[in-house]
Amino acid sequence: MKPLLISADAAAPQAWRNGGGQTRELLTWPHQGPWRLRISRADIGADGPFSAFPGVTRWFAVLHGKGVALTFDGRRQEVLAGGPALCFDGAQTPQCSLLAGPTQDLNLMAIGGRSTMAPAQPDVAWSGSWTMRGLYTPVAGVWRGAGVQQPVAAHHLLWLEQAAAGAWTFTPAPDADGQAWWLGFTPEE
């Protein structure tokens, strides 16, 4: 099966109600009706609270900019560019403070099932028993999986809704500066 390629820059930005940023929705599943999986890229330009998504597992990673500090019930958690993704209960509404100016961020939100967001280390194999798998990359490179090779432009989501088992790799373009991310989701039966 050929992977779907979705350009983040081609997705229409949706302004947040609090005026602190905007979101570009890259993918929802199922494609009709209420979503159970949503992948988006956000641009945060001002401090403010996150919106509540009760019943949702939420993954969050910083793509560009220094990062943010999220405060959960008085507990501060920094999420930095190049650092690990943060997974939290979407019902929580942490206060978000920019560390050094605007950021661009990747979000994966899932209802039920299992989900993941993991850094794509250059040329290091990634596999898992995920029904659906993908790669989001802020830099150009080449994805390889199941005997297929696919160039991926910067700021694109590569997605397979029926992902075959086996290892995937990503080779960023020479001198690329940015962290790509593996994404996985297996819905509940």
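This is a predicted model: local features need pLDDT of at least 70, side-chain atom pairs count only at pLDDT 80 or more; totals for chains, interfaces and linings use all residues.

**The F50–F88 pair**
- F50 and F88 make a tilted pair, with 6.2 Å from centre to centre and 45 degrees between the ring planes.
- This pair links distant parts of the chain: F50 is in the loop between β5 (48-49) and β6 (57-64), while F88 is in strand β9 (residues 86-89), 38 residues apart.
- F50 counts as buried because its relative accessibility is 9%, and the cut-off for buried is under 20%.
- F88 is buried too, with a relative accessible area of 7%.
- Both rings also belong to one aromatic cluster, made up of F50, F60, F72 and F88.

**The W126–W182 pair**
- W126 and W182 are stacked, with centres 5.0 Å apart and 5 degrees between the planes.
- W126 lies in the loop between β12 (114-120) and β13 (132-137) and W182 in strand β18 (residues 180-186), so this pair ties together parts that are 56 residues apart in sequence.
- W126 is buried at 11% relative accessibility, and W182 is buried at 1%.

**Charges over rings**
- R114 has its charged end over the ring of W130, 4.4 Å from the ring's centre.
- R133 lies over the face of W168, at 4.3 Å from the ring centre.

Terms used. Residues are numbered from 1 along each chain as its sequence is written. Side-chain values use heavy atoms; hydrogens and water are left out. Rings of Phe, Tyr and Trp (its six-membered ring) pair if their centres lie within 6.5 Å; planes under 30 degrees apart count as stacked, over 60 as edge-to-face and the rest as tilted. Helices (H or I, at least four residues) and strands (E, at least two) are DSSP runs, numbered from the N terminus. Buried means under 20% relative accessible area, exposed over 50%, partly exposed in between (1.4 Å probe, protein chains only). A charge sits over a ring if NZ of Lys or CZ of Arg is within 6 Å of the ring centre and within 35 degrees of the ring normal.
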